[in-house]
Amino acid sequence: MAILLGSIADDYTGASDLANTLTKNGLRTVQTVGIPDPSLALPDVDAVVVSLKIRSVPASDAVTAAASAERWLRQRGAGHVLYKICSTFDSTDAGNIGPVTEALSEAAGGGSVLVTPAFPETGRTVYLGHLFVGGQPLNESPLKDHPLNPMHDANLVRVLTRQSRNAVGLIDLTAIAAGPDAVKARLDGLRTAGITTAIADAIFERDLETLGEVALKTPVSTGASGLGLGLARALVRSGRISSAGAPTTDAIRPVGGLSAIVAGSCSKATLHQLDIAERSMPVLRLDPERLLAGPDEIAAAISWAGDRISAGPVVVAASAAPETVSRLQSLYGREASGHAIETATSIITAELVERGVRRLVVAGGETSGAAVDRLAIPAFLIGPEIAPGVPVLRTVGNAQGDMLLALKSGNFGGEDFFTAALAMMH
Ligand SMILES: Nc1ncnc2c1ncn2[C@@H]1O[C@H](COP(=O)(O)OP(=O)(O)OP(=O)(O)O)[C@@H](O)[C@H]1O
Ligand SMILES: O=C(O)[C@@H](O)C(=O)CO
């Protein structure tokens, strides 16, 4: 299997978001969970997205994992590797976007790296280096209250500089509007001044098409699904994609079984989606303090779900409003509480699968990562889109048999996302 585009995603929901974008824009794509075992039979594809869970780990661990994935992708022919980060630039001053970007660039022999989290379809735009989420600057958006990486600065040149060894430049919209040659000239100018990493503005998809065209001629870029769109369209325009379209028909064959939703995302969107789901499905709100106190809350949740699940889908949620999250974090610490809750929701997920769940929706990137790891799912085919950034996924080589999943990024999906997702999974 020779691939044209490789990607390393820093979380699993982000990986499925990118895989969805690449598929929609004409690349046959598979999403692997980590570097796949050599025995795993993968379909013939144009692009592979390797999902890692490295958004919130120490920077040195993120660099090591990303570097191995990069080697694996290059060995399979990838001429360009996109480091897929969150469209809201989720990270802290300790990393990991800067360190991983610099390490991937060094591994590829240096050269300029374009960085942009813009994803206009979901309202993420970058202007003069400042990230907007819908109509709000990043630091005024709900991301200011993120449980693991609250974002307090919308100026991405500043944010990335704090995480990087080297200086960071800006390719502004004026250059991008002037087309690929102007962007290339600006990148070359920055490089002459010793700056190889540059945040790029992008507001419309045409800006990302320009950036994709330029990025494809470099070995590494860093961005969200918008840059994926630009790269995919540039590859298709280059005539190097032999058969457009994706194996979605395989991906949506019914799997039967029971269905469930597990949520650990505390985003404003997920909290509202849970309120709406409560009107049509049983929803169990876990008590986070009891979850951290011992195994009883997990056992109670499994028993609650077991009593109801044969009658229809159930929802189990750890998600809570920012005040509740802050209180828990002040008692147990940010990372410890997040990690303990992810472990708890992943155990509950595995027990649900043990009891026959084959159609599963998980809300939250870290939450999804923990759940998919516990289920030991090796890879996914990409099915149809449920909402921008969230496709139906079909497992490949799964020990429990075929399953359909939706891994929802915290901020994605309309208010009826959960019912919409299950309606597409049979
Ligand atoms: N009640 C709670 N109190 C504190 N932390 C919580 C609570 N519920 C969940 N968490 C933790 O909050 C974190 C949520 O991160 P996660 O990545 O799953 O969601 P998200 O950030 O909304 O999604 P995404 O990264 O896809 O945008 C997880 O570590 C989860 O365990
Ligand atoms: O880019 C996004 O916003 C998402 O794919 C994501 O990474 C959230 O975890």
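Where is Phe89 found? Select Phe89 and you land in the loop between S4 and H3. Keep in mind as you click around that this is a predicted model.

**Stop 1: the loop between S4 and H3**

With Phe89 still selected, check its backbone: phi is near 55 degrees, a positive value in a residue other than glycine. Now move along to Asn96, which is found in the loop between strand S4 (80-84) and helix H3 (97-107). Show the backbone of Gly95 as well, and look at the bond between the two: Gly95 and Asn96 are joined by a cis peptide bond, with omega about 0 degrees.

**Stop 2: ligand 2**

Next, select ligand 2 and bring up the residues around it: Asp11, Thr13, Gly14, Asp17, Arg55, Lys84, Ile85, Cys86, Ser87, Ser409 and Phe412. Sort that shell by type and you get three nonpolar, four polar and four charged residues. Colour helix H1 (residues 12-24) too, as H1 supplies the largest share of the shell, three residues.

Start with Arg55, where an N or O atom of the side chain is 2.7 Å from an oxygen atom of ligand 2. Go on to Lys84: here a side-chain N or O atom is 2.9 Å from an oxygen atom of ligand 2. Then try Thr13, which has a polar side-chain atom 3.3 Å from an oxygen atom of ligand 2. How much of ligand 2 does the protein cover? On its own ligand 2 has 270 Å² of accessible area, and the protein covers 95% of it.

**Stop 3: ligand 1**

An N or O atom in the Thr13 side chain is 3.2 Å from an oxygen atom of ligand 1. Ligand 1 exposes 630 Å² when taken alone, and the protein buries 98% of that.

Keep the cavity display on, because ligand 1 sits in the largest cavity. For the helices, colour H13 (322-332), H14 (334-354) and H15 (365-375); these are the elements that give two or more residues to the shell around ligand 1.

Which of the 25 residues around ligand 1 come nearest? Pick out His146, Ser265, Glu342, Glu366 and Thr367. By type, the shell around ligand 1 divides into nine nonpolar, 12 polar and four charged residues.

How values were computed:
Residues are numbered from 1 along each chain as its sequence is written. Chains are lettered from A and ligands numbered from 1 in the order in which they are written. This is a predicted model: local features need pLDDT of at least 70, side-chain atom pairs count only at pLDDT 80 or more; totals for chains, interfaces and linings use all residues. Side-chain values use heavy atoms; hydrogens and water are left out. A residue is near a molecule or strand if one of its heavy atoms lies within 4 Å of it. A polar contact is a pair of N or O atoms within 3.5 Å; within protein, one must be able to donate a hydrogen and the other to accept it, and residues adjacent in sequence count only if both atoms are side-chain atoms. Accessible areas come from the Shrake-Rupley method with a 1.4 Å probe; for residues, only the protein chains shown count as cover. Helices (H or I, at least four residues) and strands (E, at least two) are DSSP runs, numbered from the N terminus. Ala, Val, Leu, Ile, Met, Phe, Trp, Tyr, Cys and Pro count as nonpolar, Asp, Glu, Lys and Arg as charged, and the others, Gly among them, as polar. On a 1 Å grid over the protein atoms alone, a cavity is a set of points where a 1.4 Å probe fits but cannot get out, and a pocket is an open set with protein on both sides within 12 Å along at least five of seven lines; lining residues have an atom within 4 Å of a point. A molecule sits in a cavity or pocket if more than half of its atoms lie within 2 Å of its grid points.
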